[in-house]
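This report walks through a few local features of the structure shown below.

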Amino acid sequence: MGQSFKQRINLKLQANTNGASTLTLNRRQLVKSSLASIGLATLSACRFNLSKAEPTSGNEAPQYDYILTAEPSPLEILPGKTTPGLGFNGQFPAPVIRAQQGKAIRILFVNNLSQATTIHWHGIRIDIKMDGVPFLSQAPVQPGETFLYEFVCPDAGTFWYHPHMHSVEQLGKGLVGALIVDEAEAPEFDADLVIGLKDWRLDKQGQFLPLSIPRHAARAGTLGTVESVNGEQRPTLLAPAGGLVRLRFLNMDSSRVYHLSLKDLDAHIIAIDGSPVAKPRPLVTHDMGAGMRLDVAIRLTKEVGQDIVIYDKKGRGYFELCRLQTEAPKQALLNTELRALAPNPLPSLKLEEAQHLRFEFEWAGALSPVGHDGKVDQTFWTINRRAWAGMHSGTLPAPLAVVPLGKTIVMELHNATPHGHPIHMHGIIFTVLSSDKRTIDPFQTDTVLLERNERATIAFVADNPGRWMFHCHVIEHMKTGLMGYITIA
Ligand code: C2O
Ligand code: CU
Ligand code: CU
């Protein structure tokens, strides 16, 4: 993965019939099946959308445009077995989408699933119309339909994309991918590797086991049975000996927490959940809940053929996730020193005049009411005593809070449950200021992992108008109540 795209296909589409503007779309790591699955109907739909969206005439091809198709995809997760997965462009790992900081990116999404869906661009401070949440920001994209996502990425970093409908199934079966926003001024690394973490709930034949089990949904979440790193079990990734390497870890699992460690190797955290840290921090063990990312820089040994093992540390045990192996550099090493990444252009907090809000996350399993249809309503979690479990209808609950545009908001988050929750907010990047469980050197993020009974304080400037999801990224928690939205107006 990473830079090593297997193939690059340029698909030229006439943006309008007189041929005045031609748009070049790069389809990276495309597999044949997805080419076949974009039928004529789709092409004409996309021609229509693209010509409408074309800001200028002229023949210049936009640099970062993609066609992204969600479709049933036979995947080989267990060697020699076929798993009936769902894939972006028929593949896993999904295409790595690369955007340029400050520039617009256009992604034509094609829904070839048998279910409605939407695509959310996790961590991007995006225009609400492009946030990809059904009913809150757009209508669901029905089977056979397309949707043109077009947005600017103000921040550079490691982000990701995933559906925001039928999420247990769609994410669980493989619809997750990396979205990398390159810095306006590229930092110097000898290699840049994407390390996507995701487990699968499979039996020995590669068939899916039930993706959600209520008694687990009401606890830490239903865990997978097969681990994968970029779709493989304990792969070895090649990296240039002596090079300064950027590792982009993404937790794209629906439930699992990884405790990333390189044991006693000298590695530094350079960004947390996409946001650069002011000063690189030594990596000891970093807890990454579902949806979270981590950028790590490491100077590799000059010797060729050496292994650098990356672990998940559970208790006292170190369990290998994958390893890097040094190879002779393919190009001259840059010999740059490790430096902090340039900060992203976030508005500054005005804490003195902030509005304060409190959020209580509670376990409500015991309160599960029986719905009028006589079935047990699967509500296990609440935010401020409310649960919003369903996103299938057009009826929206009231927002958890309405905050004025431009105001600094300080939120006290209290996890009053016995389980960890990676709490995520759309549309903004917040700063974690403090916690009663650990010393916090304030950092910016879009997701904060609250351990049981933890209280943390976060703050942000409400500068992006819209209705923004605020939810736990353990997908089953979100689906059983731990979700709501905040209106910035
Ligand atoms: Cu990855 Cu609602 O988010
Ligand atoms: Cu998000
Ligand atoms: Cu949770």
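This is a predicted model: local features need pLDDT of at least 70, side-chain atom pairs count only at pLDDT 80 or more; totals for chains, interfaces and linings use all residues.

Aromatic rings are the next topic. A pair of aromatic rings is described by the distance of the centres and the angle of the planes. The count for this model comes to 11 aromatic pairs, and two of them are set out here.

| Pair | Distance of centres | Angle of planes | Class |
|---|---|---|---|
| Trp121 and Tyr149 | 5.3 Å | 70° | edge-to-face |
| Phe147 and Tyr149 | 4.6 Å | 55° | tilted |

The pair of Trp121 and Tyr149 is edge-to-face because its planes stand at 70°, the cut-off for that class being over 60 degrees. Trp121 lies in strand 7 (residues 119–122) and Tyr149 in strand 8 (residues 146–152), so this pair ties together parts that are 28 residues apart in sequence. Both Trp121 and Tyr149 are buried, the relative accessibility of Tyr149 being 0%, whereas Phe147 is partly exposed, with a relative accessible area of 21%. Trp121, Phe147 and Tyr149 are among the members of one aromatic cluster, which also includes Phe88, Phe109, Phe151 and Tyr161.

Strand 7, which holds Trp121, also takes part in an open sheet of four strands, whose order is 5-10-9-7 and whose pairing is mixed. Strand 5 (97–100) and strand 7 stand at the edges of this sheet, each with a single partner strand, so one side of each is left without a neighbour in the sheet. From one strand to the next, the twist averages 25°. Strand 7 and strand 9 (residues 157–163) run antiparallel and are joined by four bridges. Within strand 9, Tyr161 is the bridge partner of Trp121, and Tyr161 and Trp121 are also both found in the aromatic cluster.

Finally, two lysines sit over aromatic rings: Lys263 lies over the face of Tyr318, at 4.9 Å from the ring centre, and Lys314 lies over the face of Phe319, at 4.9 Å from the ring centre.

Conventions: Residues are numbered from 1 along each chain as its sequence is written. Chains are lettered from A and ligands numbered from 1 in the order in which they are written. Side-chain values use heavy atoms; hydrogens and water are left out. Rings of Phe, Tyr and Trp (its six-membered ring) pair if their centres lie within 6.5 Å; planes under 30 degrees apart count as stacked, over 60 as edge-to-face and the rest as tilted. Helices (H or I, at least four residues) and strands (E, at least two) are DSSP runs, numbered from the N terminus. Buried means under 20% relative accessible area, exposed over 50%, partly exposed in between (1.4 Å probe, protein chains only). A charge sits over a ring if NZ of Lys or CZ of Arg is within 6 Å of the ring centre and within 35 degrees of the ring normal. Two strands pair if DSSP finds at least two bridges between them. Axes are lines fitted to C-alpha atoms, for helices over the stretch in contact, and angles run from 0 to 180 degrees between N-to-C directions.
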